[in-house]
Amino acid sequence: MRDETEFWETIDSTRAAADGDPEDHADLLTERLLQFDPDAVLEFARYFESRYNRAYRWDLWGAAAVLLGEADSDAFDYFRCWLIGQGREIFEGALHDPDALADLLDDFDEEVDGDGEDLGYAADEAYEQLTGSETPDLGIPPQAAEPEGMPVDFDDEALAERYPRLWERFGS
């Protein structure tokens, strides 16, 4: 894994090959990572984990609640993995303005989309298959104790007001 561009290219190519299915995406990502050496897999894991931590924000959690109908802490964790899996443009766009997900997403099926839990384990699985060992500490700062920003009111009315475009398109 030479750089961030290669990280996103790996995410994008495996998502395209999976035709948007998050479980297939995770399987294909693991297969792709198995073609790398263990150090490159660890570098991929660092890129993934640092983006996962960057997305630990209240405003993004509110957007996840609109898309998913509700979002407990586990659902939000899996949503952040899924969001990374959507690629750089959607990920960065959502971090810039979570309400912009209304424009960035072609569609959203809460039965299939929004849960990228398996994507979050792809690098760990590949590393373990390559080395027979668990992934070591990645040496990056841990996730903050609390999400960044101001807490969000998860009441439907408050979500509709805070995320008007997202609510209009995907709200319950």
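This is a predicted model: local features need pLDDT of at least 70, side-chain atom pairs count only at pLDDT 80 or more; totals for chains, interfaces and linings use all residues.
With which side chain does the side chain of Gln143 make a polar contact? The partner is the side chain of Arg80, at 3.0 Å.

- You will find Gln143 in the loop that runs between helix H8 (122–131) and helix H9 (156–162).
- Gln143 counts as partly exposed because its relative accessibility is 30%, which falls between the 20% limit for buried and the 50% limit for exposed.
- Setting aside neighbours within four places in sequence, Gln143 is in contact with Arg80, Tyr52, Asn53 and Tyr56.
- From Gln143 to Asp118 the C-alpha to C-alpha distance is 19 Å, and the two are 25 residues apart in sequence.

- Asp113 sits in the loop between helix H7 (101–104) and H8.
- Although Asp113 is buried, it has no salt bridge.
- Beyond neighbours within four places in sequence, the contacts of Asp113 are Gly20, Leu68, Trp82, Asp107 and Phe108.

**The largest pocket**
- The largest pocket holds about 370 Å³ of space.
- Its lining has 21 residues, and those closest to the centre are Glu49, Tyr52, Gly120, Asp124 and Leu138.
- Helix H3 (38–54), helix H5 (73–85) and H8 are the elements that give two or more residues to this lining.
- H3 gives the most to the lining of the largest pocket, namely six residues.
- Tyr52 links two of these topics: it is in contact with Gln143 and is among the lining residues closest to the centre of the largest pocket.

Notes:
Residues are numbered from 1 along each chain as its sequence is written. Side-chain values use heavy atoms; hydrogens and water are left out. Helices (H or I, at least four residues) and strands (E, at least two) are DSSP runs, numbered from the N terminus. Buried means under 20% relative accessible area, exposed over 50%, partly exposed in between (1.4 Å probe, protein chains only). Contact means heavy atoms within 4.5 Å. A polar contact is a pair of N or O atoms within 3.5 Å; within protein, one must be able to donate a hydrogen and the other to accept it, and residues adjacent in sequence count only if both atoms are side-chain atoms. Lys and Arg count as positive and Asp and Glu as negative; His and the chain ends are not counted. A salt bridge is a side-chain nitrogen of Lys or Arg within 4 Å of a carboxyl oxygen of Asp or Glu. On a 1 Å grid over the protein atoms alone, a cavity is a set of points where a 1.4 Å probe fits but cannot get out, and a pocket is an open set with protein on both sides within 12 Å along at least five of seven lines; lining residues have an atom within 4 Å of a point. Grid points are joined across faces, edges and corners, and a volume is the space filled by probe spheres set on the points.
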